[in-house]
Amino acid sequence: MTRVLAGVDVGGTNTKVVLTTPDLDVVDRVDLPTPAHAGGAAIVTAALGAVTGLLDTHRASLAGVGVGAAGVVDRTTGTVLVTGNSFTGWAGYGVTRAVSEALDVPATLDNDVNAFLLGEIATGAVVGESDVLGMTLGTGVGGALVLGGQLFAGPRGAAGEIGHVPGFGDAVCTCGQVGHLETIAGARGIADRYAERAGRMLSAQDVAAAARGGDPDAAAVFAKAGWGLARAALLTAGILDVTTVVVGGGIARSWDLLEPAVAAAIAAEPPVSGATIRLAQSTLGSDAVALGAAAQVRARVLEAELA
């Protein structure tokens, strides 16, 4: 019987489950609605139903389940600590315990941005890199750091939160503070900055389409977002000597609009080390979080087998 890992990406709207080989090659995947307001047990039960369905289809033996979830999590206890208002009854839920008890396999839990970065390092755009900043450009801007091959959370768990670093203008961020990177590079920020310039509100996706269609206001908004990404990379290079950045999320799909401004900003102010800064676009797309979660539980399984 084939031995497989499962990676689960729990989002506020959808949950993605991937089944992978021990080498993280995707065997199969399924997307399902997240019962986000039905509580933690319902969220996990829905995900595990998808896992067992895939196992039955492929007649596979499960070695472990990794979960990536939006919000603040305690990786040590496998518990969700804080979530946004898109979830009910998810904060405080012991995810890994529920998964392990249901399927009798090791389980891990991490923040979705951490899992995204681990996925890209394991099998994506920055394979094998030991020092990387990960950025996800969704509604907001998430960040994560791997230093020396290990996730670095910092003493208070806030390391890598590049989306909430100030110095990127004077707009009010969703967190209530002013001038954070999220205000110019997240989907909400892009829509708001375009509305300020053009006097009409469009989604970030429509702003991108307008930029490609020759709208100068839309092009300027994406140029500012690209400048912001470059500035974030330069700050990270200057403080941590980390010069590799991987960027994912919906806004990163408009890399054609972002990249010229990124390249120009980095060329204008190269890091004092003289090192080349590399900004890579995610190659795993919507699989990144689930694959990173699978990579994390793979490490746990290997540790147990070697013990």
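Are Arg97 and Glu101 buried or exposed? I looked this up to open the notebook, and both residues are exposed. I took the classes as follows: buried is under 20% relative accessible area, exposed is over 50%, and partly exposed lies in between (1.4 Å probe, protein chains only).

**Entry: basis**

I worked from a predicted model, in which local features need pLDDT of at least 70 and side-chain atom pairs count only at pLDDT 80 or more, while totals for chains, interfaces and linings use all residues. Residues are numbered from 1 along each chain as its sequence is written, and side-chain values use heavy atoms, with hydrogens and water left out.

**Entry: salt bridges**

I counted a salt bridge where a side-chain nitrogen of Lys or Arg lies within 4 Å of a carboxyl oxygen of Asp or Glu. The structure holds 11 of these salt bridges. I took helices (H or I, at least four residues) and strands (E, at least two) as DSSP runs, numbered from the N terminus.

I returned to Arg97 and found that it forms a salt bridge with Glu101, with the closest N and O atoms 3.1 Å apart. Because the two are four residues apart in helix H2 (residues 95-103), about one helical turn separates them.

I then looked up Arg200 and Asp215, whose side chains meet in a salt bridge at 3.8 Å, N to O. This pair links distant parts of the chain, 15 residues apart: Arg200 is in the loop between helix H5 (187-198) and helix H6 (204-212), and Asp215 is in the loop between H6 and helix H7 (216-240). Arg200 is partly exposed at 43% relative accessibility, whereas Asp215 is buried at 16%.

Salt bridges that share partners join Lys16, Arg29, Asp31 and Asp287 into one network. Within it I checked Asp31 and Lys16, whose side chains meet at 3.3 Å, N to O. Asp31 is in strand S3 (residues 26-33) and Lys16 is in strand S2 (residues 14-20), so the pair links distant parts of the chain, 15 residues apart. Asp31 is partly exposed, with a relative accessible area of 49%, but Lys16 is buried, at 7%.

I traced an open sheet of five strands in the order S10-S9-S8-S11-S12, with mixed pairing. Strands were taken to pair if DSSP finds at least two bridges between them. Strand S10 (150-151) and strand S12 (278-281) are the edge strands, each pairing on one side only. Strand S8 (residues 132-137) and strand S9 (residues 141-147) run antiparallel and are joined by six bridges. I noted that Thr136 has Gly142 in S9 as its bridge partner.

Helix H8 (residues 255-268) lies across S8, strand S11 (244-248) and S12, running at about 175° to S12. For that angle, axes are lines fitted to C-alpha atoms, for helices over the stretch in contact (heavy atoms within 4.5 Å), and angles run from 0 to 180 degrees between N-to-C directions. In helix H8 I looked up Ala263, which is partly exposed at 35% relative accessibility. Ala263 and Leu279 are 16 residues apart in sequence and 9.1 Å apart in space, C-alpha to C-alpha.

**Entry: surface patch**

I found that Val72, Leu81 and Val82 make a nonpolar surface patch of about 250 Å². Patch residues have over 30% relative accessible area and no salt bridge, and nonpolar side chains (Val, Leu, Ile, Met, Phe, Trp, Tyr) are joined within 5 Å, like charges within 9 Å. The areas come from the Shrake-Rupley method with a 1.4 Å probe; for residues, only the protein chains shown count as cover. Leu81 is placed in strand S6 (residues 79-82) and is partly exposed at 45% relative accessibility.
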